[in-house]
Amino acid sequence: MDPVRNPYAPGAGQRPPELAGRERELRQFEVVLERVARGRPERSTVLTGLRGVGKTVLLNAFRSMAIQRLWGTGKIEARPEQSIRRPVAAALHMALRELAPRHRAPDRIEHVLGVLKAFAQAKSDDGAGAKAAKGGPRWQPGIDVPAVRGRADSGDLEIDLMELFVDAASIATDLGVGIALFIDEMQDITPDDISALCTACHELSQNGGPLIVVGAGLPHLPAVLSAGKSYSERLFSYTRIDRLSRSAADYALTAPADEEGVDFGPEALEALYRVSDGFPFFVQAYGKVTWDHALRSPITAEDVEIAAPEAEEELAVGFFGSRYERATPAERDYMRAMASLGDEPVQTTDVATSLGRRPSSLSPARDSLIKKGLVYSAERGTIAFTVPHFGRFLRRQPD
C-alpha cells in the first residue's frame, strides 16, 4: 500500500477525510442557523464528551457551516485562570470584519468597533485588562477607530459582555444573518467569566439578538455552567458526543479508502472496531497504521493484527504518555488507583481505600488532576478519566 495515498488523519482537531456518524448533529445545527437568521428564538449550543471523540472537529464543521451562510464567526480556546475578555474581543473583531464589507452604513460598523475596542481595553475588576499588573503598555486590539466611552467598558465583565453582545448582534440583524462565537475547552473558563457569559447569553435569548455561543468541553461542562448560573440548563442545548457506532466507524474507514480504490475485508473492519472501540481518534490512528502495513487490497484482519502493536505504541507515547508525564508522582498514584478499579467512573472513597488514605488527604491530587484536564468529576463523589482507554494504558505501565 502506498503510504503517500494514506487517507487517514489522526490529529488534534484535524478533520478526518469522512466525518462519519455526526449527521444528526450537523442537521440540528443547520436548523439552529436557519432559525436564528430568521429571528426565531434558539438556544446556544454546547458539545460535551471525552478526549478523542471529535468535539473540536465538529466545532470547526459548525463554524464552516456558519461561514457558508455568510455569518460572522470567531473562535477561542479557553485557558485555565485566564480571563475571556481579550480572546472574546479578538474573536468578535474577526466576526465583525467578516460582516463589515456587506454593511451599507460604515458609521454603524465604526461605532460597534469602537465599543469593542473599549471592551477590550477596559480594566477588569480582577485587575486584568487595559494595563499589565505593573503598569505595562496599554493593550492595542488592532482596531483603527476611537474607543467609545460609556459602553461595555465598566470593568464588570457581566455588564460589558452583555452590552457588547447586544451591539454586535445588531450588526448581524441589519444583514439578516447571525454571529457565532465558538469556544473550545469551555470547561476551563473561570467561574466568574462563566457567570458573565451565561448572563450575556440570557440577555440575547430574551431580546432575540442573532448571536449564539457554541461551546465544546469535557463531560462535566454542564455542571460548570450550572454552577455559574442556575438557569444554564435551560439556556443551552446540550449534545453529548460519544464513540461511533459500528456502521459509522466502518464508513469512516471505507469511504476514504474507496476514493483510493482500496477495500477492507469484513474481518478487518471487525478487528479495527474492536481495537479502536469506535472512538474517532483511535479509528483514524489504527486505520492509518494498518494502511501502511497492508501489502495489498483488500486489507485483512491479519494486517490489523500486525499493525495494532505499532499503533498502540504511538498512542502510548503521544496520546497517553504526554498526559501521564504532566502528572506529579502523587497524581500518578491517584490515577493508577483509579485504573485498578476499572474503566468506568469510580467512587472517590474507593480510590482512597485502595491507597489506604483518607479521602480528604487526596483532595489536592484530585483537584490538580481536574485542573490539568486528566480526570473529571462525573457526579458528586465520583471521578473518571477524560481520556478513553487511559485506565488500560495505566494498567500496562510498570509500577
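Colleague: Leaving aside its neighbours within four places in sequence, what is Ala294 in contact with?
Modeller: Ala294 is in contact with Met1, Ile299 and Asp303 once the neighbours within four places are left aside. Contact means heavy atoms within 4.5 Å. This is a predicted model, where local features need pLDDT of at least 70, side-chain atom pairs count only at pLDDT 80 or more, and totals for chains, interfaces and linings use all residues. Residues are numbered from 1 along each chain as its sequence is written, and side-chain values use heavy atoms, with hydrogens and water left out.

Colleague: Where is Ala294 found?
Modeller: In the loop between α11 (280-293) and α12 (301-325). Helices (H or I, at least four residues) and strands (E, at least two) are DSSP runs, numbered from the N terminus.

Colleague: Is Ala294 buried or exposed?
Modeller: Ala294 is buried, with a relative accessible area of 2%. Buried means under 20% relative accessible area, exposed means over 50%, and partly exposed is in between (1.4 Å probe, protein chains only).

Colleague: Which peptide bond is cis?
Modeller: The one that joins Ser297 and Pro298, with omega at about 0°. Pro298 also has its place in the loop between α11 and α12. Most peptide bonds are trans, and most residues other than glycine have a negative phi.

Colleague: Which residue other than glycine has a positive phi near 60°?
Modeller: Asp277 has that phi value. Asp277 is in the loop between α10 (266-276) and α11, and counts as partly exposed at 24% relative accessibility. His389 has a positive phi too, about 70°, and is not a glycine. The loop between β8 and α16 holds His389, which is buried at a relative accessible area of 16%.

Colleague: Changing topic. How do the axes of α3 and α5 cross, and at what angle?
Modeller: The axes of α3 (residues 85-99) and α5 (residues 157-175) cross at roughly 10° and come within 11 Å. Axes are lines fitted to C-alpha atoms, for helices over the stretch in contact, and angles run from 0 to 180 degrees between N-to-C directions. The two helices, α3 and α5, are therefore roughly parallel to each other. Angles under 35 degrees count as roughly parallel, over 145 as roughly antiparallel, 65 to 115 as roughly perpendicular and the rest as oblique.

Colleague: Which residues in α3 meet α5?
Modeller: On the α3 side they are Arg85, Val88, Leu92, Leu96 and Leu99; the residues they meet in α5 include Leu157, Asp160, Leu161 and Phe165. By class, this contact of α3 with α5 has 12 nonpolar, no polar and 2 charged residues. Ala, Val, Leu, Ile, Met, Phe, Trp, Tyr, Cys and Pro count as nonpolar, Asp, Glu, Lys and Arg as charged, and the others, Gly among them, as polar.

Colleague: And α6 with α7, how do they cross?
Modeller: The axes of α6 (residues 191-207) and α7 (residues 221-228) cross at roughly 80° and come within 8 Å. That makes α6 and α7 roughly perpendicular to each other. Ile194, Ser195 and Cys198 in α6 meet Val224, Leu225 and Gly228 in α7. The classes in the contact of α6 with α7 are 4 nonpolar, 2 polar and no charged residues.

Colleague: How many aromatic pairs does the structure hold?
Modeller: It holds 14. One of them is Phe279 with Phe282: the ring centres are 6.0 Å apart and the planes at 75°, so the pair is edge-to-face. Rings of Phe, Tyr and Trp (its six-membered ring) pair if their centres lie within 6.5 Å; planes under 30 degrees apart count as stacked, over 60 as edge-to-face and the rest as tilted. Phe279 is buried at 3% relative accessible area, and Phe282 is buried at 1%.
Modeller: Tyr324 and Phe393 have ring centres 6.1 Å apart and planes at 80°, so this pair is edge-to-face. Tyr324 lies in α12 and Phe393 in α16 (residues 390-395), so the pair ties together parts 69 residues apart in sequence. Both Tyr324 and Phe393 are buried.

Colleague: Which residues do ring pairs link into a cluster?
Modeller: Phe279, Phe281, Phe282, Phe319, Phe320, Tyr324, Phe385, Phe390 and Phe393.

Colleague: What sits over the ring of Phe319?
Modeller: The charged end of Arg323, 4.8 Å from the ring centre. A charge sits over a ring if NZ of Lys or CZ of Arg is within 6 Å of the ring centre and within 35 degrees of the ring normal. Arg85 lies over the face of Phe119, at 4.7 Å from the ring centre.
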